[in-house]
Amino acid sequence: MKAYMVLLFAITLVLGITEILCGIDIVKINNFPSDIFGGFALVVISATFIRGTFAEEPVAYFYVGSLILLVFGVLYVLVLLANALDSVILGEEFDLLSNLRPEMPISLLAIPGVHSVLKKKETK
């Protein structure tokens, strides 16, 4: 579990810092969101994962980090759907590629964390 937490830490930290750097125009990557606050959210999630690797009870940190990551992923999917619906209502063209966020596929990596903790909770 700790190795998986380190993996999630590394992924969320790199993407969070990249979003922040794109947001303050230090780095320019095509089709990568320039969202400073979204980047800070990913950095906080990564801090939760790395803190859990050094804790005596890493399960709590793993669960909280996975849950927050999953919630942010679901929220960004809802924003994508709202943008698509807005484009349909206004008769505008919807560009899926410009609305994709890195939090969406990463949130799929949080599902095993939430599932494993809920599975352990059911067996107690």
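**View 1. Overall architecture of the chain.** Buried residues make up 34% of the 124 residues in the chain. The model shown is predicted. Taken along the principal axes, the C-alpha atoms fill a box of roughly 55 × 35 × 15 Å. Of the contacts between residues at least 6 apart in sequence, 63% join residues at least 24 apart.

**View 2. Helix α1 and the residue that follows it.** Helix α1 covers residues 2-23. Its 22 residues should span 32 Å at 1.5 Å a residue, and the end C-alpha atoms lie 31 Å apart, which agrees. The buried residues in α1 are M5, L8, T12, L15, G16, T18, E19, I20 and C22. An α-helix has 3.6 residues a turn, so residues three or four places apart point the same way. Just after α1, D25 adopts a positive phi of about 60°.

**View 3. Packing of α1 against α2.** Two packed helices are described by the angle between their axes and the distance between the axes. For α1 and α2, the angle is about 160° and the axes are 7 Å apart. Angles over 145 degrees count as roughly antiparallel, and α1 and α2 are therefore roughly antiparallel to each other. The crossing in which α1 passes α2 is left-handed. The contact of α1 with α2 contains 15 nonpolar, eight polar and two charged residues.

**View 4. The loop between α1 and α2.** D25 belongs to the loop between α1 and α2, and N31 also lies in the loop between these two helices. The phi of D25 is near 60°, a positive value in a residue other than glycine. The phi of N31 is likewise near 60°, again a positive value in a residue other than glycine. D25 counts as exposed, with a relative accessibility of 67%.

**View 5. Helix α3 along its length.** Helix α3 runs over residues 58-90. At 1.5 Å a residue, its 33 residues should span 48 Å; the end C-alpha atoms are 48 Å apart, in agreement with that expectation. The buried residues of α3 are P58, F62, G65, S66, L69, G73, Y76, L80 and S87. Just after α3, G91 takes a positive phi of about 75°.

**View 6. Packing of α2 against α3.** The axes of α2 (residues 36-54) and α3 come within 7 Å and cross at roughly 160°. The two helices are therefore roughly antiparallel to each other, and α2 passes α3 in a left-handed crossing. On the α2 side, the contact is made by G38, A41, L42, I45, T48, F49, R51 and G52. On the α3 side, the contact is made by P58, Y61, F62, V64, G65, S66, I68, L69, F72 and Y76. By class, the residues of this contact divide into 12 nonpolar, five polar and one charged. Among the α3 residues in the contact, P58, F62, G65, S66, L69 and Y76 are buried.

View 7. F94 is found in the loop between α3 and α4. Its relative accessibility of 27% makes F94 partly exposed. Not counting residues up to four places away in sequence, F94 touches L80, N83, A84, S87 and N99. Of these neighbours, L80 and S87 are among the buried residues of α3. F94 and F9 are 85 residues apart in sequence, and their C-alpha atoms are 33 Å apart in space.

View 8. P102 lies in the loop between α4 (96-99) and α5 (103-123). P102 is buried, its relative accessible area being 13%. Leaving aside residues up to four places away in sequence, P102 touches L15, E19, F32 and P33. Among these neighbours, L15 and E19 are buried residues of α1. P102 and V43 are 59 residues apart in sequence and 13 Å apart in space, C-alpha to C-alpha.

Notes:
Residues are numbered from 1 along each chain as its sequence is written. This is a predicted model: local features need pLDDT of at least 70, side-chain atom pairs count only at pLDDT 80 or more; totals for chains, interfaces and linings use all residues. Side-chain values use heavy atoms; hydrogens and water are left out. Helices (H or I, at least four residues) and strands (E, at least two) are DSSP runs, numbered from the N terminus. The expected span of a helix is 1.5 Å times one less than its number of residues. Buried means under 20% relative accessible area, exposed over 50%, partly exposed in between (1.4 Å probe, protein chains only). Axes are lines fitted to C-alpha atoms, for helices over the stretch in contact, and angles run from 0 to 180 degrees between N-to-C directions. Angles under 35 degrees count as roughly parallel, over 145 as roughly antiparallel, 65 to 115 as roughly perpendicular and the rest as oblique. A crossing is left-handed if the near helix is turned anticlockwise from the far one by less than a right angle, and right-handed if clockwise. Contact means heavy atoms within 4.5 Å. Ala, Val, Leu, Ile, Met, Phe, Trp, Tyr, Cys and Pro count as nonpolar, Asp, Glu, Lys and Arg as charged, and the others, Gly among them, as polar.
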